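This briefing is intended for reading alongside the sequence and the three-dimensional model.

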Amino acid sequence: MAGSGTAHLRDDPNILLRVENLVVEFPAGRKGKVHAVSDVSFDVKEGETLGLVGESGCGKSTTAKAVIQIPTPTSGHVYYNGTDLAALRGEDMRRMRPEVQMIFQDPISSLNPRRKVRDIVSEGVRVWGSSKAAAGSFTQDRINELIEAVGLDPVAAGERRPHEFSGGQCQRISVARALVLDPKIVICDEPVSALDVSVQAQILNLLEDMKQRYGLTLLFISHDLSVVKNVSDRVMVMYLGKMCEIGDGDHIYERPAHPYTRALLSAVPDASVEIEVDDEVLAGELPSPINPPSGCRFHTRCSSAQEVCRTTEPQVRQLVGVEDHWVACHFPHETVVEI
């Protein structure tokens with residue numbers, strides 16, 4: 001497997017989604033270009049949930065959108081079931097879209113305010129017509145089943161418009177819309193960040209229930225590590241367009257190896273996470289993605305940075321003695337955190 005950026009990818013026949021050396025850049029006029037995502041690789045096994053975490057501006061949402069080719073990556077590969085989505089165009093790409101769906105970050109603005117809920121949820125089936133309808137009653141039966149499955153009344157809710165619902169209810173509608181075409185992968189782009197804590201729990205429980213009921217594979221994006229901990233099998237941490245750490249979720253929370261991961265965990269208001277906060281507080285401002293730092297991109301804010309961190313980019317390597325825990329750091333922490 002070429003390149004250190006793919007060294008951590010698993011050789012498993014059950015891998016459903018594989019991203020290799022993903023790069024997404026945007027023009028920034030005379031300033032050059034925005035390095036939104038830089039050489040990121042990861043895989044997701046069928047039926048598992050990969051949590052993608054990091055602070056705002058780290059490239060989480062751009063990575064998610066690049067997976068579904070909106071926008072098309074600058075370079076790299078996105079393999080779904082062995083097919084490189086980045087190489088598909090036109091009708092070939094269109095036919096793959098029902099397999100990979102997305103729940104957007106803002107539950108209200110992502111829904112058409114002019115349309116009734118039943119029309120919003122059923123739009124995908126109407127677009128695809130008989131190619132997705134197994135029988136004449138498929139559309140209505142499927143719509144009723146999904147609206148009811150997300151906790152809404154198919155009759156009463158189906159005839160109302162998004163502005164008549166709360167944010168949490170709108171997110172339930174978004175979940176139903178994403179599932180109507182029976183996708184294999186659902187990308188959840190911060191689906192609970194705009195919701196109250198009590199409503200967050202409801203949506204997270206709903207997603208877990210939908211995952212079990214429909215056999216879904218999830219890519220779950222969030223800046224909230226406590227949320228990711230509760231829903232993810234594996235976790236990937238990003239900083240300024242780069243992957244810092246990836247592996248088994250429980251092990252990363254118990255034994256965070258990258259200084260950035262430790263800093264994020266130290267900021268979580270959770271008494272069960274015993275990390276020395278004074279040693280892990282983030283200092284300084286997030287560098288500009290237009291002109292990212294040389295070497296390790298985190299070195300400008302890292303209390304453990306040395307000269308090699310400033311000049312040489314760290315390679316992704318496996319944590320000693322751990323089967324599924326990889327880190328991109330010259331001096332990773334090896335201590336266990338009591339949780």
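**Pocket, cavities and fold**

Helix H3 supplies five residues to the lining of the largest pocket, the largest share from any element. The model described here is predicted.

**The largest pocket**

- The space in the largest pocket amounts to about 550 Å³.
- Its lining consists of 20 residues, and those nearest the centre are Arg97, Gln101, Met102, Phe104 and Leu181.
- Strand E6 (100-103), helix H3 (117-128) and helix H5 are the elements that each give two or more residues to this lining.

**Enclosed cavities**

- Five cavities of 30 Å³ or more are present in the structure.
- The largest cavity has a volume of about 80 Å³.
- Residues lining the largest cavity include the cysteines Cys296, Cys302, Cys309 and Cys329, together with His258, His299 and His330.
- Pro259 also lines the largest cavity, and this residue is one of the buried residues of helix H9.
- Helix H9 (residues 259-266) is mostly covered, with eight of its eight residues buried.

**The four-stranded sheet**

- An open sheet is formed by four strands in the order E2-E1-E4-E5, with antiparallel pairing.
- Two bridges connect strand E4 (residues 75-80) with E5 in the antiparallel sense, and Tyr80 has Thr83 in E5 as its bridge partner.
- Helix H1 (residues 60-67) packs on the sheet and touches strand E1 (15-27), E2 and E4. The direction of H1 makes about 115 degrees with that of E1.

- Strand E9 (residues 234-239) and E10 run antiparallel and are joined by six bridges. Met236 is paired with Ile246 in E10.
- E9 and E10 form a hairpin with two residues between them, and Leu240 in the turn has a positive phi of about 50 degrees.
- E10 is also joined to strand E12 (residues 325-328) by three bridges, again in an antiparallel arrangement. Ile246 stands opposite Trp326 in E12.
- Strand E10 (residues 242-248) is mostly covered, as six of its seven residues are buried.

**Nonpolar cores**

- In soluble globular proteins, nonpolar side chains tend to be buried together.
- The largest nonpolar core comprises 57 residues, and Ile173, Val175, Leu179, Met210 and Phe220 have the most contacts inside it.
- Apart from this core lies another of 36 residues, among them Val19, Phe42, Met238 and Ile246.
- Leaving aside residues up to four places away in sequence, Ile173 touches Leu111, Val117, Ile120, Val121, Leu152 and Phe165.

- Glu190 is located in the loop between strand E7 (185-189) and helix H6 (197-214).
- Glu190 counts as buried because its relative accessibility is 7%, which is under the 20% limit for that class.
- Not counting residues up to four places away in sequence, Glu190 touches Lys60, Gln105, Ile221, Ser222 and His223.
- Ser166 lies in the loop between helix H4 (138-149) and helix H5 (167-179).
- With a relative accessible area of 39%, Ser166 is partly exposed.
- The C-alpha atoms of Ser166 and Ile108 are 8.5 Å apart, although the two residues are separated by 58 residues along the chain.

Conventions
Residues numbered from 1 in each chain as written. Predicted model: local features only at pLDDT ≥ 70, side-chain atom pairs only at ≥ 80, totals over all residues. Heavy atoms only, no water. Buried < 20%, exposed > 50% of the residue type's maximum accessible area, 1.4 Å probe, protein only. Core = buried A, V, L, I, M, F, W, Y, C linked by side-chain atoms within 4.5 Å. Contact = heavy atoms within 4.5 Å. Pairing = 2+ DSSP bridges. Axes fitted to C-alpha atoms, helices over the stretch in contact; angles between N-to-C directions. 1 Å grid on protein atoms, 1.4 Å probe; cavity = no way out; pocket = protein on both sides within 12 Å on 5 of 7 lines; lining within 4 Å. Points joined across faces, edges and corners; volume = space filled by probe spheres on them.
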